[in-house]
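Please open the structure in the viewer and follow the stops below in order. Each stop names a selection and then describes what is found there.

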Amino acid sequence: MQAAQLNKYDKNFKLEVKDIPMPTPTANEILVQVKFAAVNPLEMLIGTGSVKLIQDYPMPTTMGSELSGVVTAVGTNVTDFKAGDAVYSRLPLSKIGAFAEFVAIDQDAVALKPENLDFAHSAAVPLTGLTAYQGLHEELHAQSGDSVMIPGGSGSFGQMAIPIAREMGLTVSVSGNARSKEAALANGVDQYFDYRQENYWEELAPVDYVIDTIGPKELDHELKVLKSGGKLLSLRMGPNRHFAQSHHLSWLKTTLFSLAGARLDRQTKAVGAQYRFIFVRSDGAQLRKITELVERENIVPAIDSTEFKLADINQALELVATGHPKGKVLIQF
């Protein structure tokens, strides 16, 4: 079968499409024929080696973290899936490989895809859906009545985070571009800021949580709207001591992450808040809850209209890295 593999970490990495053996599922795995694989900024972090302290991969490694497809075989211990099932997954961090015609996945990382979505749109859900779910429930421990601000929340992350936050009883504010305002309000946003016309940090009442999707350039603005005792959760700014300790990393990695995140910890502590970083994991049980929400709210994630095949993988990566995709970028098999 064909797969797109990374041969070495490199700031200018390219993936190589090559023929590799078909995987054989272990007792707890299912074999999935991939229909669509999503291309995410996560691929840039993995390919450049930026996250190798969190997860280091043997080379060559098949890339790709998110997919939809059809089950073609199951291991002897698998009871929840059968051949022919339409599924989707955020692959386990230690065993990625969505950029391939077939992939063997632990059954605990898989769920049946939403019935209201086709394979293309289903492939755009798992990573952002699980990030939003784990961020709100596990990192922020958000409670009904709390408030959250998501700068840049008009994109694919916000599309999943907004309904999850609303279902939890949170007041939700986001900033984004003008063309996304109507959709965000329809999605349940309480307050929307057009970033070209309004400065949310000058108008928004202090909130319990900020979820950062933009990175360091937005930090000062985000801290201005945090309540004392609040939390800033970043998807972009990197790990700190708390991340290392909560993931039970080694003494060396804990020391390195403590040093790397020291400035962020100091800046958030200065306003009486705490800094958190999330690196989302696979979780089939949580993905089933997300499936229920997607079906109930008829959530249809945005996907970019550019069509890519596996042979075009590096062009797809380039679009994600430097372009302005209008939704999730997909590889079609």
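Select P60 in this predicted model; P60 sits in the loop that joins α1 (41–47) to β4 (61–62). Now display the backbone from M59 to P60: the peptide bond between them is cis, and its omega is near -5°.

Next, select helix α3 (residues 126–139) together with helix α4 (residues 156–167). How far apart are the axes of α3 and α4, and at what angle do the helices pack? The axes are 8 Å apart, and the angle is about 45°. Because an angle between 35 and 65 degrees counts as neither roughly parallel nor roughly perpendicular, α3 is described as oblique to α4. The crossing of these two helices, α3 and α4, is right-handed.

Show the side chains where the two helices touch. By class, the contact of α3 with α4 comprises eight nonpolar residues, four polar ones and no charged ones.

On the α4 side the contact is made by M160, P163, I164 and E167; on the α11 side it is made by I290, L293, V294 and R296. The contact of α4 with α11 has six nonpolar residues, two charged residues and no polar ones.

Which residues have the most contacts inside the largest nonpolar core? They are L15, V39, F99 and I290, in a core of 95 residues. Helix α4 supplies the largest share of this core, with six residues. Select L15 and its surroundings: leaving aside neighbours within four places in sequence, L15 is in contact with A4, Q5, L6, M63, F99, I313, N314 and L317. A second, separate core has seven residues, among them L31, A100, F102 and A104.

Finally, visit two loop residues. H141 is found in the loop between α3 and β9 (147–150). The phi of H141 is near 50°, a positive value in a residue other than glycine, and H141 counts as partly exposed at 45% relative accessibility. N298 lies in the loop between α11 and α12 (313–322). The phi of N298 is likewise positive, near 50°, in a residue other than glycine. With a relative accessible area of 48%, N298 is partly exposed.

Terms used:
Residues are numbered from 1 along each chain as its sequence is written. This is a predicted model: local features need pLDDT of at least 70, side-chain atom pairs count only at pLDDT 80 or more; totals for chains, interfaces and linings use all residues. Side-chain values use heavy atoms; hydrogens and water are left out. Axes are lines fitted to C-alpha atoms, for helices over the stretch in contact, and angles run from 0 to 180 degrees between N-to-C directions. Helices (H or I, at least four residues) and strands (E, at least two) are DSSP runs, numbered from the N terminus. Angles under 35 degrees count as roughly parallel, over 145 as roughly antiparallel, 65 to 115 as roughly perpendicular and the rest as oblique. A crossing is left-handed if the near helix is turned anticlockwise from the far one by less than a right angle, and right-handed if clockwise. Ala, Val, Leu, Ile, Met, Phe, Trp, Tyr, Cys and Pro count as nonpolar, Asp, Glu, Lys and Arg as charged, and the others, Gly among them, as polar. Contact means heavy atoms within 4.5 Å. A nonpolar core is a set of buried Ala, Val, Leu, Ile, Met, Phe, Trp, Tyr and Cys residues joined through side-chain atoms within 4.5 Å. Buried means under 20% relative accessible area, exposed over 50%, partly exposed in between (1.4 Å probe, protein chains only).
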